[in-house]
Amino acid sequence: MSWTAVADIAAYACLIGGSFLALAAGVGVLRFPDLLARMHAGTKPQVLGLILLLTGEALRVRNMQVLGMLVLIVVFQLLTAPVAAHMVGRAGYRTGKVRNDLLVLDELTEDHFRAPAKPERCEDDHGLDNPARRAKHEPEAPKA
Amino acid sequence: MTVVAIICGTMLVAAAVLSLVRAERGPSMLDRTVALDVFVTVLVGGIVLESAVSGRLDTLPILVVLSLVGFVGSVTIARFAAVEPEGEGRVRTAEEIAQEEAARAGHDIDHPMLEQPRDLIEPKDPKGTEHSTTIGAIPQAAKAVQDITGPKEER
């Protein structure tokens, strides 16, 4: 059995594995009950599934320039996927999309209750960054 | 190769359909965002599979563009457009979230207690001993937290 045949078989295994992870993500995104659970399911093909698929592609093509581009794709995905997941999770928590009854441990909510009240701030409302300010915010009287 | 391509293509198409169903249903905009992220990943997988089957390499720059565009889209939606109808997208305080959870669980707690300044109330909860001051300071809020998360001793 030649080297290329082994590489092809490994490439098939990697492609099937990556596609299976994508399928698992589809099922999880459809069936899981919560935003965080759906995010958890959707992350699988975003990193491991993509790496598997691109490994299969690299094993099949066997070209160094193509390998450089595939590594570039993986690096971009590893850089950007956590940022997107962080933003989605933060917005989901702050707008009440996270179901607390499904969580085993929710330290963030406990910390919100445990934290001392914020001192009054002088800045204007910055939206999502200081949400407590928005509830009490009263517009200043216009200067004469 | 053909058999592998058919198997992988079937799984990828099924994943795309499932994530599109979630994107259509998804109760909130963020659910749709997550589903569309999965869809973009499945699309990348489909392009990779096609490239591996046919051996063409000119589609690979599309993958770079797709990963970058998916990132920008989901961050933008999460940051700016997470607004829902009927005030669902408003930023909530922790007390409001606890109250909604308690209401969902069938309990009812009074609101005005939560509006008092937290540090003016003495802690009354005898169980909240270790890191207790403000979690015991608002009894109903602490009760709501415990309703949500279960009693402290179990953790």
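**Chat on a predicted two-chain model**

Me: Arg62(A): buried, exposed or partly exposed?
Reply: Arg62(A) is partly exposed, because 13 other C-beta atoms lie within 10 Å. Keep in mind that this is a predicted model.

Me: Where does Arg62(A) lie?
Reply: Arg62(A) sits in a loop of chain A, between helix H2 (35–61) and H3.

Me: What is phi of Arg62(A)?
Reply: Phi is near 60 degrees. That is a positive value, and Arg62(A) is a residue other than glycine.

Me: Next loop. Where is Lys97(A) found?
Reply: Lys97(A) is in the loop of chain A that runs between H3 and helix H4 (107–114).

Me: Is Lys97(A) buried or exposed?
Reply: Lys97(A) is buried, because 22 other C-beta atoms lie within 10 Å and the cut-off is 20 or more.

Me: What does Lys97(A) touch, not counting residues up to four places away in sequence?
Reply: In chain A, Lys97(A) touches Leu35(A) and Gly92(A). In chain B, Lys97(A) touches Ser28(B) and Leu30(B).

Me: And how are the C-alpha atoms of Lys97(A) and Leu36(A) separated?
Reply: By 8.6 Å, with the two residues 61 apart along the chain.

Me: Switch to Ala85(A). Which helix is the place of Ala85(A)?
Reply: Ala85(A) is in helix H3 (residues 64–94) of chain A. Ala85(A) is buried, because 21 other C-beta atoms lie within 10 Å and the cut-off is 20 or more.

Me: Which residues is Ala85(A) in contact with, leaving aside neighbours within four places in sequence?
Reply: Met39(A) and Thr43(A). Met39(A) is 46 residues from Ala85(A) in sequence, but their C-alpha atoms are 7.4 Å apart in space.

Me: Where does UniProt place the feature "transmembrane region" in chain A?
Reply: The UniProt record, an unreviewed entry, gives residues 9–30 and 66–89 of chain A.

Me: How much helix and strand over residues 9–30 of chain A?
Reply: That span is 100% helix and 0% strand, and its end C-alpha atoms are 32 Å apart. Residues 66–89 of chain A are also 100% helix and 0% strand, and there the end C-alpha atoms lie 34 Å apart.

Me: Now chain B. How many helices and strands in chain B?
Reply: Chain B has 6 helices and 0 strands. From the N terminus on, the order is α-α-α-α-α-α.

Me: What share of the residues in chain B is buried?
Reply: Buried residues are 35% of the 155 in chain B. As for contacts in chain B between residues at least 6 apart in sequence, 46% join residues at least 24 apart.

Me: At what angle do the axes of H2(B) and H3(B) cross?
Reply: At roughly 180 degrees, and the axes come within 10 Å. The helices are therefore roughly antiparallel. Among the residues in this contact are Val40(B) and Val44(B) of H2(B), and Leu63(B) and Gly70(B) of H3(B). By class there are 13 nonpolar, 5 polar and 1 charged residues.

Me: On to the contact between the chains. How many residues from chain A and chain B?
Reply: Chain A gives 62 residues and chain B gives 60.

Me: What gives the most to the side of chain B that touches chain A?
Reply: H2(B), with 15 residues. By class, that side of chain B has 37 nonpolar, 13 polar and 10 charged residues.

Me: How do H1(A) and H1(B) pack, at what angle?
Reply: The angle is about 20 degrees, with the axes 8 Å apart. H1(A) and H1(B) are therefore roughly parallel. Their crossing is left-handed. Residues of this contact include Tyr12(A) and Phe20(A) of H1(A), and Met11(B) and Arg22(B) of H1(B). The classes are 19 nonpolar, 3 polar and 1 charged.

Me: And the axes of helix H1 of chain A and helix H2 of chain B, at what angle do they cross?
Reply: H1 (residues 3–31) of chain A and H2 (residues 29–54) of chain B cross at roughly 160 degrees, with axes that come within 10 Å. That makes the pair roughly antiparallel. H1(A) passes H2(B) in a left-handed crossing.

Me: Which residues in H1(A) meet H2(B)?
Reply: They include Leu15(A), Gly18(A), Ala22(A) and Val29(A). On the H2(B) side, Val38(B), Thr41(B), Gly45(B) and Leu49(B) are among them. This contact divides into 11 nonpolar, 5 polar and no charged residues.

How values were computed. Residues are numbered from 1 along each chain as its sequence is written. Chains are lettered from A and ligands numbered from 1 in the order in which they are written. This is a predicted model: local features need pLDDT of at least 70, side-chain atom pairs count only at pLDDT 80 or more; totals for chains, interfaces and linings use all residues. Axes are lines fitted to C-alpha atoms, for helices over the stretch in contact, and angles run from 0 to 180 degrees between N-to-C directions. Helices (H or I, at least four residues) and strands (E, at least two) are DSSP runs, numbered from the N terminus. Angles under 35 degrees count as roughly parallel, over 145 as roughly antiparallel, 65 to 115 as roughly perpendicular and the rest as oblique. A crossing is left-handed if the near helix is turned anticlockwise from the far one by less than a right angle, and right-handed if clockwise. Two residues are in contact if their C-beta atoms, placed from the backbone, lie within 7 Å. Ala, Val, Leu, Ile, Met, Phe, Trp, Tyr, Cys and Pro count as nonpolar, Asp, Glu, Lys and Arg as charged, and the others, Gly among them, as polar. A residue is buried if 20 or more other C-beta atoms lie within 10 Å of its own, exposed if 12 or fewer, and partly exposed in between; C-beta atoms are placed from the backbone. UniProt positions are given in the numbering used here, feature names are shortened, and annotations may be inferred rather than shown by experiment.
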